[in-house]
Amino acid sequence: MVRKTKEEAQETYNTLLDAAEKVFAAKGVTSTTLNEVATAAGMTRGAIYWHFKDKNALFQAMCDRAFLPMEALLNEIVSTPHIDPLAGIKQLNVHFLKLVTGNDRQRNVFDIIFHRCEKSNELIFFRAESEKRNECLAKVQALIQQAVDQGSLHANTDTWIAMQAIHAYVIGIVHEWLEDTSAYCLIQHAEDMVDMFIAGMVARPPLKKSKPPQQECRMHLAEQHD
């Protein structure tokens with residue numbers, strides 16, 4: 001009986017997340033009410049409050065469910081002994097692009113985050129995002145450092161900038177592709193696009209500067225104002 005109750009609770013949980021995706025996509029996160037999500041799920045507000053504290057928690061859970069496959073793959077890659085780090089980075093990013101392209105749920109959630117959601121500190125996702133985001137990016141940077149240590153990248157490679165660049169590159173691809181999914185077949189070109197970036201990073205990696213990044217930026221800004 002307990003097992004059946006847990007299964008039913010999980011089914012209700014997933015149904016609410018599915019409904020939230022649909023309503024958030026149609027109305028935007030800010031404009032959506034819990035009543036509308038409950039109605040779309042064929043349930044009452046009480047069912048939502050049984051699983052989620054508020055709309056913020058519902059939105060966070062929806063995002064977490066979509067990000068889980070990527071986090072699992074990243075953890076698998078970084079924990080694999082003797083892995084080719086550049087191959088691991090390629091695998092991670094190609095998988096991400098193909099996942100967003102070929103999976104309706106992933107595509108819908110990223111479209112909501114990019115285009116149907118006002119970034120606000122009121123949403124838990126954007127308050128908690130920095131910690132989780134930094135944890136994932138640190139693992140990617142560690143892979144880049146492994147490539148440096150193995151001689152696949154220049155010894156003076158700025159691994160922080162390289163990590164920031166590849167992250168911005170793939171996120172930018174998804175952001176722009178979601179604006180017009182008919183522009184080209186991303187799932188067909190995902191591997192070529194990632195290969196292009198990695199080849200560029202190998203041929204001309206960002207190198208460490210003599211001054212700390214913050215100090216260098218302040219100097220450049222000061223020069224522009226003079």
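Helices (H or I, at least four residues) and strands (E, at least two) are DSSP runs, numbered from the N terminus. This is a predicted model, in which local features need pLDDT of at least 70 and side-chain atom pairs count only at pLDDT 80 or more, while totals for chains, interfaces and linings use all residues. Residues are numbered from 1 along each chain as its sequence is written, and side-chain values use heavy atoms, with hydrogens and water left out.

**Exercise 1. Determine how many helices and strands the chain has.**

Step 1. The chain contains ten helices and zero strands.
Step 2. Read from the N terminus, its elements run α-α-α-α-α-α-α-α-α-α.

**Exercise 2. Identify which residues touch the most other members of the largest nonpolar core.**

Step 1. A nonpolar core is a set of buried Ala, Val, Leu, Ile, Met, Phe, Trp, Tyr and Cys residues joined through side-chain atoms within 4.5 Å. Buried means under 20% relative accessible area, exposed over 50%, and partly exposed in between (1.4 Å probe, protein chains only).
Step 2. The largest core has 62 residues, and those touching the most other members are Phe 24, Phe 52, Leu 58, Phe 59, Met 62, Phe 96 and Leu 97.
Step 3. The helices that each supply at least two residues include H1 (2-27), H4 (55-78) and H5 (85-102); H4 gives the most, with twelve.

**Exercise 3. Describe how H5 packs against H6 and H4.**

Step 1. Axes are lines fitted to C-alpha atoms, for helices over the stretch in contact, and angles run from 0 to 180 degrees between N-to-C directions. Angles under 35 degrees count as roughly parallel, over 145 as roughly antiparallel, 65 to 115 as roughly perpendicular and the rest as oblique.
Step 2. H5 and H6 pack at about 95°, with axes 5 Å apart, which makes H5 roughly perpendicular to H6.
Step 3. The axes of H4 and H5 come within 10 Å and cross at roughly 170°, which makes H4 roughly antiparallel to H5.
Step 4. Contact means heavy atoms within 4.5 Å. Phe 96 is among the H5 residues that meet H6, and also among those that meet H4.

**Exercise 4. Count the disulfides.**

Step 1. A disulfide is a pair of cysteine sulfur atoms within 2.5 Å.
Step 2. By this rule the count comes to zero.
Step 3. Cys 136 is partly exposed, with a relative accessible area of 23%, and Cys 185 is partly exposed at 35%.
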